[in-house]
Amino acid sequence: LRRLRPGFKMEVVLSDAADEAGKRCVEKLRLVVGRDEFVELTHQGHDSFIGVLKPIQHDLKIKEVAGIIDSSFFLSARRQGVAHKISSEFYSMLEDKVDFQREIRKGDSFRIVYEEVDDSPYGGVHAGRLLYASLTSFGNSVGVSRYTTNDGFSGFFDENGISLDTLLLNRPLDGGRLSSRFGRRKHPVLGYNRMHWGVDFSAAKGTPILAAGDGVIEHVGAYGNYGKFIKIRHGSKYETGYAHMSGYAAGIKLGMRVSQGDVIGYVGSTGLTSGPNLHYEVFRYGKRIDPMSLKLPPVRSLAGDELRQFKESLKQYEALAVAQHV
């Protein structure tokens, strides 16, 4: 119950007949606890309930969008009906290859392929996974595609079969946007300039925060102006820190091992902050460094038959219709 958050959907089913006092019994209670499952409690006799987890059946379709940028990528994508979650993921997938602030021009084009999921009656229509993202600027195209290898590894690869996944994630967040970079800045609460030892990602309260890499949790709890804070050690060289959380994921505790992509907590505004965000830090041999400048080798590179299979899978996305002006 401590994990319940605003927006969770609950359904109560009452008995048809009332008792002598005019009251009806609770026969079932359903609580949607995520995108993929709900809890159903069924009344057994007069003094007990049986609880089970049930899967939510998804009606899934593939949505393809192609557009011409006439102002900004985000605005053009929104006019095409692209969900904000997908636009943010598109941005994060390509920001290491394209400078969205300086290199995007009117007339550049983009292509997006993603899943659209209908969870009715227990949810609504929402965006699923991003499958493909490409951007063409000054005649040069860059693109990335989701791909599962023959041995089961799943992630994004560029057009040359090089994985975007590295030892540490640059953006350990399910959505959000980069709102403040590493370096000296005017503090939004204190009002004077001082060093900002990490990067901030603005996101709605409750947005899941992900472990940036495999490691062991070496701090979980309040930490001064950082509010609710987690620190993870990744071997002997790197550590990562996550501040201003609204809460921690279930089961998170000191000394436990986590894997890259595991949910460790949720975005909040605890500590000294002006609003909901994730403050993310990276330490190398104990010294803070700019997370966005960290260059690490890819965890996978496709070759041989698998690279040929991957390039064949790209053809279905690259054959999208010519983009329309938006």
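Student: Where does Tyr285 lie?
Tutor: Tyr285 is in the loop between strand E20 (277–284) and strand E21 (287–289); strands (E, at least two residues) and helices (H or I, at least four) are DSSP runs numbered from the N terminus. This is a predicted model, in which local features need pLDDT of at least 70 and side-chain atom pairs count only at pLDDT 80 or more, while totals for chains, interfaces and linings use all residues. Residues are numbered from 1 along each chain as its sequence is written, and side-chain values use heavy atoms, with hydrogens and water left out.

Student: Buried or exposed, that Tyr285?
Tutor: Tyr285 is exposed, at a relative accessible area of 61%. The cut-offs are under 20% for buried, over 50% for exposed, and partly exposed in between (1.4 Å probe, protein chains only).

Student: And what is phi of Tyr285 near?
Tutor: Near 50 degrees, which is positive although the residue is not glycine. Most residues other than glycine have a negative phi. His244 also has a positive phi, of about 70 degrees, and is not a glycine.

Student: Where is His244 placed?
Tutor: In strand E17 (residues 238–248). His244 is buried, with a relative accessible area of 7%.

Student: Switching to charges. How many salt bridges does a search of the whole structure find?
Tutor: The count is 16, where a salt bridge is a side-chain nitrogen of Lys or Arg within 4 Å of a carboxyl oxygen of Asp or Glu. One of them joins the side chains of Arg30 and Glu40 at 2.6 Å, N to O. That pair links distant parts of the chain, with Arg30 in strand E2 (residues 24–32) and Glu40 in strand E3 (residues 37–44), 10 residues apart.

Student: Are Arg30 and Glu40 buried or exposed?
Tutor: Arg30 is buried at 16% relative accessible area, and Glu40 is buried at 5%.

Student: Which residues are linked with Arg30 and Glu40 in a network?
Tutor: Glu11, Lys28 and Lys54 belong to that network of salt bridges along with Arg30 and Glu40.

Student: What about Lys315 and Glu312?
Tutor: Their side chains form a salt bridge of 2.9 Å, N to O. Lys315 and Glu312 are separated by about one helical turn, because they are 3 residues apart in helix H3 (residues 304–318). Another salt bridge, of 3.1 Å, N to O, is between the side chains of Arg79 and Asp70; Asp70 is partly exposed, at 22% relative accessible area.

Student: Then what polar atoms does the Asp108 side chain meet?
Tutor: The backbone nitrogen of Arg105 lies 2.7 Å from a polar atom of the Asp108 side chain. The side chains of Asp108 and Ser137 make a polar contact of 3.0 Å. A polar contact is a pair of N or O atoms within 3.5 Å; within protein, one must be able to donate a hydrogen and the other to accept it, and residues adjacent in sequence count only if both atoms are side-chain atoms.

Student: Where is Asp108 found, and what is it in contact with?
Tutor: Asp108 is in the loop between H2 and E6. Leaving aside neighbours within four places in sequence, its contacts (heavy atoms within 4.5 Å) include Gly67, Ile68, Ile69 and Phe138.

Student: Phe138, then: where is that found?
Tutor: In the loop between strand E7 (125–137) and strand E8 (140–148). Phe138 is exposed, with a relative accessible area of 63%.

Student: Last topic. What is the strand order of the open sheet of 4 strands?
Tutor: E1-E2-E3-E4, with antiparallel pairing; two strands pair if DSSP finds at least two bridges between them. Strand E1 (10–18) and strand E4 (48–55) are at the edges with a single partner strand each, so one side of each has no neighbour in the sheet.

Student: How many bridges join E3 to E4?
Tutor: E3 and E4 run antiparallel and are joined by 8 bridges. Thr42 stands opposite Ile50 in E4.
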